[in-house]
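Here is a short report on one protein model. Keep the sequence and the 3D view open as you read.

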Amino acid sequence: MLERAPAAPREAERIILRCLSKSPDRRYQHIGDVKLALEDLQEDLRAGRLAPPPAPAPSPPPAKANWPLLVAAALAGLLAVLILRSFRPERGAAIRDNREATLMQLTSAEGLSIDPTWSPDGVWVAYASDRGGAMDLWKQPASGGEPVQITRSPEAETQPAWSPDGRTLAFAMQGQNGGVFLIPADGGQPIRVADSGARPAWAPDGRQIAFDSNGSIFLVNVTGGEPELIVAGTSGAPYAAWSPNGDKLYYWDRTRRDLFLADVENKQPRALNLIPTGEEAAGITVGPQGDRLVFSKAPLAATRTCGA
């Protein structure tokens with residue numbers, strides 16, 4: 001029998017119940033959908049948009065819980081289980097050839113490892129891991145080998161992003177001293193380029209970084225300076241992605257319920273009319289020629305139901 005902790009948000013319970021549904025058709029069909037639901041929940045918790053749970057029966061006062069961090073940490077551990085338990089190809093997906101896919105475990109089972117990303121030359125994989133205690137950045141040869149620790153901070157450092165030349169990593173740091181930082185890919189002293197933000201994305205020329213903060217998209221020069229507001233009020237994670245020539249940004253606007261393309265110079269967004277009513281997008285990637293988009297989509301979090 002599954003029992004809900006009295007102080008746990010009901011939205012967290014709904015996500016877990018759907019993941020554990022006995023009916024495969026009622027579970028999330030892609031691990032990206034689970035990640036999107038968790039990120040939405042974390043954003044709502046931080047912004048105070050969720051109603052408090054019903055008051056439990058009187059009992060000794062528990063230690064104060066930091067639910068945004070607990071959801072991010074505890075449910076991220078659930079993601080690793082779901083990759084093995086629930087992930088399956090999208091219905092109707094074609095198999096291109098007869099070669100069998102093989103899996104190679106890159107990191108050990110020690111601790112939690114998330115946010116993997118390839119280096120531009122394909123030699124390294126950078127990721128965030130708490131194997132050393134705190135969540136730090138690590139890299140590891142894609143062919144296997146010993147991991148190399150890049151950051152060493154008591155704060156949580158996640159979402160590494162390689163610079164186009166492969167020499168530098170941008171990343172997001174949580175906590176009181178958080179923000180968007182740069183660090184040499186071989187390790188060294190981090191440099192803060194923004195006082196807050198998440199999901200950094202390098203411009204193709206390596207001179208600027210796009211990131212989101214409280215649902216808005218900003219640009220900042222890698223040499224520092226005041227971040228420039230490009231898009232305001234998307235009410236969630238916009239997953240900004242650059243066009244190949246670096247003059248436009250694709251992003252998801254949860255408020256306006258569509259994917260948009262914004263010109264970096266004049267900041268005029270254009271709706272792409274790609275998302276049906278009642279659905280949302282995540283994880284946007286732009287093709288090398290700029291004529292194709294890859295993204296995941298799922299029912300809006302507000303319309304998702306639990307499996308019985």
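## A serine in a loop

Ser 163 sits in the loop that runs between strand 5 (157-162) and strand 6 (168-173). Strands here are DSSP runs of E with at least two residues, numbered from the N terminus. This is a predicted model, in which local features need pLDDT of at least 70, side-chain atom pairs count only at pLDDT 80 or more, and totals for chains, interfaces and linings use all residues. Residues are numbered from 1 along each chain as its sequence is written, and side-chain values use heavy atoms, with hydrogens and water left out.

Is Ser 163 buried or exposed? Ser 163 is buried, since its relative accessible area is 3%. Buried means under 20% relative accessible area, exposed means over 50%, and partly exposed lies in between (1.4 Å probe, protein chains only). The side chain of Ser 163 makes a polar contact of 2.6 Å with the side chain of Asp 165. The Ser 163 side chain also reaches the backbone nitrogen of Arg 167, at 3.3 Å. A polar contact is a pair of N or O atoms within 3.5 Å; within protein, one must be able to donate a hydrogen and the other to accept it, and residues adjacent in sequence count only if both atoms are side-chain atoms. Leaving aside neighbours within four places in sequence, Ser 163 is in contact (heavy atoms within 4.5 Å) with Pro 120, Thr 168 and Trp 202.

## The largest nonpolar core

A nonpolar core is a set of buried Ala, Val, Leu, Ile, Met, Phe, Trp, Tyr and Cys residues joined through side-chain atoms within 4.5 Å. The largest one holds 14 residues. Which of them touch the most other members? They are Ile 217, Leu 219, Val 231, Trp 242, Leu 249 and Tyr 251. Strand 11 (216-221), strand 12 (228-231), strand 14 (248-253) and strand 15 (258-263) each give two or more residues to this core.

Look at Trp 242. Beyond its neighbours within four places in sequence, Trp 242 has contacts that include Trp 202, Pro 204, Leu 219, Leu 249 and Val 286.

## A buried proline

Pro 238 belongs to the loop between strand 12 and strand 13 (241-242). Pro 238 counts as buried because its relative accessible area is 0%. With neighbours within four places in sequence set aside, Pro 238 is in contact with Asp 212, Ile 217, Tyr 251, Trp 252 and Ile 284.

## Salt bridges

Side chains of opposite charge can pair when their charged atoms come close. A salt bridge is a side-chain nitrogen of Lys or Arg within 4 Å of a carboxyl oxygen of Asp or Glu. By this rule there are seven salt bridges.

Arg 199 and Asp 212 form one of them, at 2.9 Å from N to O. This pair links distant parts of the chain: Arg 199 is in strand 9 (residues 198-202) and Asp 212 is in strand 10 (residues 208-213), 13 residues apart. Arg 199 is buried at 17%, and Asp 212 is buried at 4%. Glu 228 pairs with Lys 267, with the closest N and O atoms 2.6 Å apart. Glu 228 lies in strand 12, while Lys 267 lies in the loop between strand 15 and strand 16 (269-271), 39 residues apart. Glu 228 is partly exposed at 32%, and Lys 267 is partly exposed at 28%.

Conventions:
Helix = DSSP H or I, 4+ residues; strand = E, 2+ residues; numbered from the N terminus.
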